[in-house]
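Here is a short report for a reader meeting this structure for the first time. Please keep the sequence and the 3D view open while reading.

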Amino acid sequence: MAHARALAHALAAADHGLAVIPLTSGKLPAVRSPHRADGDAASVGHAQCRGECGRPGHGIHDATAEPAAVRALFAAAPWATGYGIACGTPPRHLIGVDLDIKGRTDGTAALRRLARAHGFAVPLTVTVLTPGGGRHLWFTGPPGREVPNAVGRPAPGIDIRGAGGYLVGPGSYTPRGTYRLSPTGPSWPPAPVPAALLDLVAAPPPTANRRPPPRRPAPALPDPALPDPGARLVDFVRNSRAGHRNDRLFWAACRAYESGAGDELAPALLEAALRTGLPAREARATIASAARTTAAQAARTTAAQAGSYDGRRPGCS
């Protein structure tokens, strides 16, 4: 039932020209990587291939508004219980403003304060209520101006979904509940993003004169027996701060490739890294480096077992 409902909602979104992909109950891309069994770690599956191979399983790069293609993606992932809507793509150039409510952090209140401080009104627009008590505001952006993914910017409690990211669509089921349209907002179309808000979310994060905090050792690898170890790695990357983003992505990608799920998790790790503001080229290169390093470490281990290990320390730590 959840799969059929998600497909129906995804087709409805596609009918509005929104490109979609199926998601797991953990909100990760549901179609498995076609590269996971290739055995060529240097190709890094998702990190290098963005669908050029012609097969599905490349995360957000699979997103489509073509009904037949949407049905084919869902048929390839019968375990999907939700769908993601690609942001930043024509014709809508969707921008998602994710307002979280966690502890004393209230994203809705933070957005109101920004609106007062910068002199803009938050228009009534498509609003999706999340199972965690937050909400996603949908806006359309102008073509030619890229909005990056960001966490905690332009204010704590506010995350931005832009180019390379996706929004969990209404009707998607997760163990915490179902995403649903707000009854107090319009169902369509999204409002244009206010110019002042666009300036805030499109601006690069400030880095001048900022000294990164002392580097802390990486936490232990999540227990594979626990639910969704892959989701834990994605959250680890998503919660990165400036000065730690690349290191945390590299560490998580190493763990993913060591577990044999690297190609499958690569698109979600990439999307999480983009949300922190890490440039796409740098993020893809980091995942590729983790895959190569893990493969080299495995080769050294094999050599050691054969009595030919050269004694050098592996680099994926």
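## Basis

This is a predicted model, in which local features need pLDDT of at least 70, side-chain atom pairs count only at pLDDT 80 or more, and totals for chains, interfaces and linings use all residues. Residues are numbered from 1 along each chain as its sequence is written, and side-chain values use heavy atoms, with hydrogens and water left out.

## Overall picture

The protein has 8 helices and 13 strands. Both are DSSP runs numbered from the N terminus: helices are H or I with at least four residues, strands are E with at least two.

Of the 317 residues, 47% count as buried. Buried means under 20% relative accessible area, exposed means over 50%, and partly exposed lies in between (1.4 Å probe, protein chains only). The protein exposes about 15500 Å², and carbon and sulfur atoms supply 53% of that area. Accessible areas come from the Shrake-Rupley method with a 1.4 Å probe; for residues, only the protein chains shown count as cover.

Contact means heavy atoms within 4.5 Å. Among contacts between residues at least 6 apart in sequence, 72% join residues at least 24 apart.

## Two nonpolar cores

A nonpolar core is a set of buried Ala, Val, Leu, Ile, Met, Phe, Trp, Tyr and Cys residues joined through side-chain atoms within 4.5 Å. The largest has 31 residues; Val 20, Val 70, Phe 74, Tyr 83, Ile 85 and Trp 138 touch the most other members. At least two residues each come from α1 (2–15), β1 (20–23), α2 (67–75), β2 (82–86) and β9 (166–168). Helix α1 gives the most, with 6 residues.

A second, separate core holds 26 residues, including Val 234, Ala 252, Cys 254 and Ala 266.

## Helix α2

Which residues of α2 are buried? They are Val 70, Leu 73 and Phe 74. Seen down the axis of α2, its buried residues fall within an arc of 95°, so they line one face of the helix. That arc is taken from the directions from the helix axis to the C-beta atoms. The buried residues pack against α1, β1 and β2. On the other side of α2, Ala 68 and Ala 75 are exposed.

## Salt bridges

The whole structure holds 5 salt bridges. Each is a side-chain nitrogen of Lys or Arg within 4 Å of a carboxyl oxygen of Asp or Glu. One joins Asp 98 and Arg 161, with the closest N and O atoms 3.0 Å apart. Asp 98 lies in strand β3 (residues 94–99) and Arg 161 in strand β8 (residues 158–161), so the pair ties together parts 63 residues apart in sequence. Asp 98 is buried at 5%, and Arg 161 is buried at 8%.

Arg 145 and Asp 199 meet in another (3.1 Å, N to O). Arg 145 is partly exposed at 38%, and Asp 199 is partly exposed at 42%. Arg 255 pairs with Glu 258 at 2.9 Å. These two sit 3 residues apart in helix α6 (residues 245–258), separated by about one helical turn.

## Arg 238

Arg 238 belongs to helix α5 (residues 229–238). Its relative accessibility is 17%, so Arg 238 counts as buried. Leaving aside neighbours within four places in sequence, Arg 238 is in contact with Val 151, Glu 271, Ala 272, Arg 275 and Thr 276.
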